[in-house]
Amino acid sequence: MKRGNVIKLTITVILVVAFVVLSIEPLSDPENGISLGLDLRGGVHLVLQAEPGKDSTTITADDMEKARAIIEQRVDALGVSEPYIQVDNQKKRVIVELAGIDNPDEAVELLKTTAKLTFRDSDGNILLDGSKLKDAKAAVDNSMGRPNYVVHITFTPEGANEFAKITTDLLGQNLAIYLDEQMIQNPVIRSPIVNGQGQIEGYASLEEAANYAVLLRSGALPVSMSIVEKYQVGALLGHDSLNKSLNACLVALIFIFLFMLVLYRLPGLIADFALTVFSVIVLWVLYGIGTVLTLPGIAGFVLSLGMTLDLNIIVFERIKEELRLGKSLRAAVDAGFSRAFITVFDSNLTTLFAAGALFLLGSSSIKGFAITLIIGILVSLFTAITFTRWIMRWIVGINPRMNKSFFGVKEVR
Amino acid sequence: MTDKKLGGYSSENKPPKNIIPAEGGVTYEQVKKQYRFYFNVVNKRYIWFALSLLILIPGIISLMVQGLNLGIDYKGGSMFNIRFEQSITQMQITNALDSVGLSGQVQLSNNGNEVLVRTDALSDEQRDAFLKAIEKEVGSFDRANLEESLVGPAIGAELKSSAIKATTVAAILILLYITVRFKFIYAFSGTLTLIHDVLIILGLFSIFQWEIDANFIAAVLTIFGYSINDTVVILDRIRENEKKMKKRDSYEDMVDKSIWQTMGRSLKTGGTVIIALLAILILGGESTKIFALAMLIGVFAGAYSSIFIASQLVVEYKARFGGRVGSKKS
């Protein structure tokens with residue numbers, strides 16, 4: 001019995017230490033570990049609302065799907081890893097989340113532009129539009145002695161024919177090039193262009209030209225979009241928030257560990273041990289279900305840490321009480337856990353209800369908080385009740401007559 | 001093992017059989033001696049009620065008069081946090097706003113190297129014009145680390161209604177649960193205590209006009225859970241002790257004893273959670289500050305009200321309406 005318990009205890013401790021040590025690397029890996037929300041590594045959250053046009057035509061699900069595909073193409077051009085793009089058909093919105101981009105400002109500009117390319121005569125009549133473009137590429141033209149940033153455009157065969165006709169008709173006149181309602185160039189046609197190739201000039205940098213090329217390539221959005229919600233966090237600030245939160249968590253943990261140790265001695269040590277197991281399990285579950293860790297998520301995690309402790313405290317206080325009544329250690333431990341379970345069951349279920357309502361009805365940042373809280377409560381029921389109980393039983397089994405002061409109880413005479 | 005008990009317990013509302021209630025348990029006198037700072041909580045209950053009203057009434061008045069300071073998450077608006085290389089003045093920013101016909105709140109931080117500007121929800125054109133004006137009037141800033149939020153008025157209203165919906169549903173669920181699991185008087189005093197705690201948070205946030213952001217609602221809901229959790233632990237003990245009561249025992253003394261029997265847990269849990277929250281408040285980033293502050297007030301209020309309000313309401317009910325309170329026949 002005694003030896004069996006010592007062996008079980010030793011094996012558990014070794015397993016847990018191995019589990020914790022082996023978990024650190026895969027969980028904290030910046031590439032494949034727990035993914036961080038944009039508030040922790042910078043990025044932008046954007047909600048684009050499709051606006052009905054002047055002729056107030058209704059926006060169809062098909063329009064939204066097209067818009068999503070086009071936005072996706074533009075996001076791809078930004079080279080963002082794991083972008084999140086979602087269409088809310090009911091409210092006619094596209095939600096885009098780009099974490100870890102260097103220049104959120106530029107990205108937003110790229111995504112919201114309708115990018116309808118039109119060629120117009122001097123009276124403003126639209127002669128041809130960008131839907132007949134086959135390709136667009138940015139390039140540097142050095143023929144004028146200084147770098148000239150341009151976008152080469154290629155028309156589809158049909159577009160090439162129309163373009164040839166227009167440039168023949170308007171020979172010697174101006175052909176204005178508009179992107180949406182903004183004129184970007186107004187060149188004079190010197191000779192008909194029959195090969196379906198064109199060039200738009202006047203960009204300040206190759207980067208700007210490249211962005212416009214992306215817009216022209218991906219095509220125009222079928223509806224114009226306006227930004228109704230935007231959260232933009234610089235990488236520096238995100239990093240700062242991450243460090244501060246981790247720091248806060250670490251300090252809170254150290255304090256809590258010491259607090260428990262001083263208050264409860266041996267059971268305190270067991271609680272600290274169980275707390276470590278709790279933290280690692282919660283992180284693994286979060287990782288397993290692919291949750292993105294955000295600031296409210298970290299807050300939810302810290303809160304569930306506090307609740308786990310409450311479980312331990314309720315149990316330990318109860319054990320102390322039973323010991324004061326003169327019960328044996330073994331009986332006190334059993335009674336403490338059983339009686340405390342009743343209390344703990346009610347109190348935790350109540351909090352689960354609150355967290356559940358939050359998860360179902362809350363906005364996305366509240367959901368992040370609720371999910372960590374729910375996972376935290378469920379895991380804590382295991383670690384603070386079942387796991388701690390095993391360990392306590394084993395330890396008490398090793399020496400049922402051990403000094404009660406290990407449990408923070410002064411002998412009552 | 002845990003599961004079996006969970007099922008059996010919840011359906012019959014009886015403690016598991018293997019618990020032998022200690023014969024008579026500790027006496028009231030023994031419990032009193034455990035604490036050097038012991039005082040009779042129950043006898044002084046009108047002091048606690050008065051103390052709560054002292055905080056509640058100004059809070060409620062403030063809520064009615066000046067309301068809450070809703071952040072842009074709920075009322076819509078634009079917010080910019082701009083970092084400069086050099087230190088800047090409030091005047092420069094206000095001038096830049098003026099030059100493009102905008103107005104807003106300006107708040108400097110980080111030794112004047114950083115500024116927080118809040119305005120109404122800006123259109124794309126207004127936003128671009130504003131940032132250009134800043135560059136012209138104040139100087140260049142760190143564009144890659146510009147922090148910016150925009151919540152359109154429609155979205156703000158949606159967030160607000162979804163927050164209210166979430167809170168109401170959570171509250172109803174909690175109340176239903178306690179009513180089913182405990183007797184009416186517990187649900188009644190638990191509810192009043194809950195409202196008490198939430199009103200204290202809302203009242204203080206209104207009095208000091210602290211800004212309410214998206215995370216605030218998460219804090220309020222957590223307090224919902226925490227407060228009821230905290231209260232249930234003490235009420236649970238009262239229920240347990242009531243069953244052991246002898247005919248001549250005074251109900252007040254029994255409640256006082258229950259409060260002091262759970263005092264250790266109340267103080268220790270409260271203490272640990274407060275440590276964790278203080279760490280978040282002091283060391284955490286700007287965005288978790290409101291959350292930590294609301295939680296801190298809530299945990300204080302929750303711990304206070306579980307000890308000094310919830311069980312006193314049960315005593316008050318018993319004193320006025322008599323009868324066996326709160327325990328289903330066992």
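Predicted model: local features only at pLDDT ≥ 70, side-chain atom pairs only at ≥ 80, totals over all residues.

Colleague: Let's start with domains. Into which domains is chain A divided?

Modeller: Domain bounds come from an automatic or database domain assignment. In chain A, domain 1 is 2–37 + 234–407 and domain 2 is 43–233. Taken over C-alpha atoms, their centres are separated by 53 Å. Six residues from domain 1 of chain A and four residues from domain 2 of chain A make the contact; two residues are in contact if their C-beta atoms, placed from the backbone, lie within 7 Å.

Colleague: And what does the assignment give for chain B?

Modeller: Chain B has domain 1 (2–13 + 23–70 + 155–321) and domain 2 (77–151). The C-alpha centres of these two domains of chain B lie 42 Å apart.

Colleague: On to strands. How should I read a sheet, and what is the order of the open sheet of three strands in chain A?

Modeller: Strands of a sheet pair through backbone hydrogen bonds, either parallel or antiparallel. Helices (H or I, at least four residues) and strands (E, at least two) are DSSP runs, numbered from the N terminus, and two strands pair if DSSP finds at least two bridges between them. Here the order is β6-β7-β10 in chain A, with antiparallel pairing. At the edges are β6 (133–141) and β10 (197–203) of chain A, each pairing on one side only. From one strand to the next, the twist averages 25 degrees.

Colleague: Which residue is the bridge partner of Thr154(A) in β10(A)?

Modeller: Gln197(A) is that partner. Five bridges link β7 (residues 148–155) of chain A with β10(A) in the antiparallel sense. Helix α6 (residues 206–218) of chain A lies across β6, β7 and β10 of chain A, and runs at about 175 degrees to β6(A). For angles like that, axes are lines fitted to C-alpha atoms, for helices over the stretch in contact, and angles run from 0 to 180 degrees between N-to-C directions.

Colleague: How many residues lie between β4(A) and β5(A) in their hairpin?

Modeller: There are five, and Gly124(A) in the turn has a positive phi of about 90 degrees. The strands, β4 (residues 117–120) and β5 (residues 126–129) of chain A, run antiparallel and are joined by three bridges. Phe119(A) stands opposite Leu128(A) in β5(A).

Colleague: Now helix pairs. At what angle do α7(A) and α8(A) pack?

Modeller: First, the words: angles under 35 degrees count as roughly parallel, over 145 as roughly antiparallel, 65 to 115 as roughly perpendicular and the rest as oblique. The angle for α7(A) and α8(A) is about 10 degrees, with their axes 10 Å apart. That makes α7(A) roughly parallel to α8(A). Among the residues that meet are Tyr264(A) and Phe278(A) in α7(A), and Phe301(A) and Asn312(A) in α8(A).

Colleague: How do α1(A) and α10(A) cross, and where is the contact made?

Modeller: The axes of α1 (residues 2–28) and α10 (residues 364–398) of chain A come within 8 Å and cross at roughly 140 degrees. That makes α1(A) oblique to α10(A). Residues making the contact include Leu9(A) of α1(A) and Trp394(A) of α10(A).

Colleague: Last topic: how many residues of chain A are in contact with chain B?

Modeller: 68 residues of chain A are in contact with 64 residues of chain B. On the side of chain A, the largest share, 18 residues, comes from α9(A). By class, that side has 39 nonpolar, 16 polar and 13 charged residues. Ala, Val, Leu, Ile, Met, Phe, Trp, Tyr, Cys and Pro count as nonpolar, Asp, Glu, Lys and Arg as charged, and the others, Gly among them, as polar.

Methods. Residues numbered from 1 in each chain as written. Chains lettered and ligands numbered in written order.
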